[in-house]
Amino acid sequence: MHIQPLLAGALRKRPLVIAGPCSAEREEQVMATARALAAGGRTDIFRVGVWKPRTRPGRFEGAGEVALPWVARAAKETGIPAAIEIANPKHLELALKHQIHLFWLGARTVVNPFMVQELADALKGLEVAVMVKNPVNPDINLWMGALERLYKAGITRLAAVHRGFSHFESAPLRNKPFWEIPIALKRRVRNLPVITDPSHICGQRALLREVAQKAMDLEMDGVMIETHINPDEALTDARQQVTPEALHALLDSLTIRKVAMAESFEQQVQKWRGIIDEKDQELLNVLSSRLAAVAEIGKLKKDHHVTILQIDRWNQTVERYLEEAVKFGINPDFIKRMLWLLHEESIRLQEDIFREE
Ligand code: PEP
Ligand code: MN
């Protein structure tokens, strides 16, 4: 798969920051959150849940269609592109009417290849970008399958979002990360940005930083963190949402280590090339002084009517060189060939001197 950047120009930034409320509740809440995030200057994508997949009925299920103009307005006013979750072609159709072109498929959608295929068919031919959350169950093939269905529909601006996996045991984390799964996905699909969603992994604020740091240390490409202007009053996922200020403080506290990739590889090559250039210069200096010494010997030999080739001396030189070459771990055949060239040049130089009047 030839994955294209999710947002032109922004992807090489690491971490890519996706922030915004779990749910759009009221226009003022969406706008205030977006404005505070924009003021922080750290958010690349504004996420907002318009239709919420709730585990049990009878709870707030997102404001729905009425929230779309709020989302569009937030994106327009702040200049931060907005992303919403779509779970069926109807959601997509409505979102497009409001110029929303950035989407994510939720964990409960990705488990179902029928739903994913329906969405892929509806997305065919559209200039959109899609983030794919991991399925609720720890199955890398379902995750891959959803990405492939979208890719086959011509959607090449893709990213994966790691939000952890449902588990039965009671644990501090809401969803178990199984980090080996996003790591394997990164290995399988080159260039696919994998973004960690610490909010849904943790389920509570106190643990977000630790998981976000771990994501950075495991070379994940970004974070998606639910952010609400008044988290305690949030109608969904209140315990895990943070204020924009808390998000900015969390981001500031992260240690971002360099990813070993093309850029640092290039730097290393440059470093060694510098050393080679320096050594070549030293080699030329050494050769030039060695040849100058040879010329001096040539003059002496000429004055004293001594032959150019002093076979014993030459044998000693070759032997000494070969012994040293072994100590230095240099291939003796290379040393022999190099000495032969050096010797040839020494003789030629001395012949010139002998010919001089
Ligand atoms: C969300 O991002 O708000 C959401 C519903 O996520 P998930 O599909 O990962 O549960
Ligand atoms: Mn949520």
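**Core, metal site and a helix pair**

Student: Which residues does I84 touch, leaving out those up to four places away in sequence?
Tutor: In this predicted model, I84 touches V48, V50, W51, L68, V71, A95, I100, L102, F103 and W104, with residues up to four places away in sequence not counted.

Student: How many residues are in the largest nonpolar core, and which have the most contacts inside it?
Tutor: The largest nonpolar core has 68 residues. I84 and L185 have the most contacts inside it.

Student: Which helix gives the most to this core?
Tutor: Helix α6, residues 140-152. Six residues of the core come from α6.

Student: What about the second core?
Tutor: The second core is separate and has 14 residues. Among them are L7, A83, A129 and I195.

Student: Let's take A83. Where is A83 found?
Tutor: A83 sits in strand β3, residues 82-85.

Student: Why does A83 count as buried?
Tutor: Because its relative accessibility is 0%, and buried means under 20%.

Student: What is A83 in contact with, beyond its neighbours within four places in sequence?
Tutor: With I45, F46, R47, V48, L102, W104 and M131.

Student: And V50? How far apart in space are A83 and V50?
Tutor: They are 9.8 Å apart, C-alpha to C-alpha. In sequence, A83 and V50 are 33 residues apart.

Student: New topic, the metal. What coordinates the manganese ion (ligand 2)?
Tutor: Four residues are listed: C22 through SG, H200 through NE2, E226 through OE and D237 through OD. The distances are 2.1 to 2.4 Å.

Student: What spacing do those donors follow along the chain?
Tutor: The donors of the manganese ion (ligand 2) follow C-x177-H-x25-E-x10-D.

Student: Where are H200 and D237?
Tutor: H200 is in helix α8, residues 198-202. D237 is in the loop between β8 (222-226) and α10 (244-253). The pair is 37 residues apart and links distant parts of the chain.

Student: Are H200 and D237 buried or exposed?
Tutor: Both H200 and D237 are buried.

Student: You mentioned α10. How do the axes of α1 and α10 cross?
Tutor: The axes of α1 (residues 27-40) and α10 cross at roughly 30° and come within 9 Å. The angle makes α1 roughly parallel to α10, because angles under 35 degrees count that way.

Student: Left-handed or right-handed crossing?
Tutor: α1 passes α10 in a right-handed crossing.

Student: Which residues make the contact?
Tutor: On α1, T33, A36, L37 and G40. On α10, P244, L247 and H248.

How values were computed:
Residues are numbered from 1 along each chain as its sequence is written. Chains are lettered from A and ligands numbered from 1 in the order in which they are written. This is a predicted model: local features need pLDDT of at least 70, side-chain atom pairs count only at pLDDT 80 or more; totals for chains, interfaces and linings use all residues. Side-chain values use heavy atoms; hydrogens and water are left out. A nonpolar core is a set of buried Ala, Val, Leu, Ile, Met, Phe, Trp, Tyr and Cys residues joined through side-chain atoms within 4.5 Å. Buried means under 20% relative accessible area, exposed over 50%, partly exposed in between (1.4 Å probe, protein chains only). Helices (H or I, at least four residues) and strands (E, at least two) are DSSP runs, numbered from the N terminus. Contact means heavy atoms within 4.5 Å. Donors are N, O and S atoms within 2.8 Å of the metal (3.2 Å for Na, K and Ca); water is not among the atoms, so sites may look incomplete. Axes are lines fitted to C-alpha atoms, for helices over the stretch in contact, and angles run from 0 to 180 degrees between N-to-C directions. Angles under 35 degrees count as roughly parallel, over 145 as roughly antiparallel, 65 to 115 as roughly perpendicular and the rest as oblique. A crossing is left-handed if the near helix is turned anticlockwise from the far one by less than a right angle, and right-handed if clockwise.
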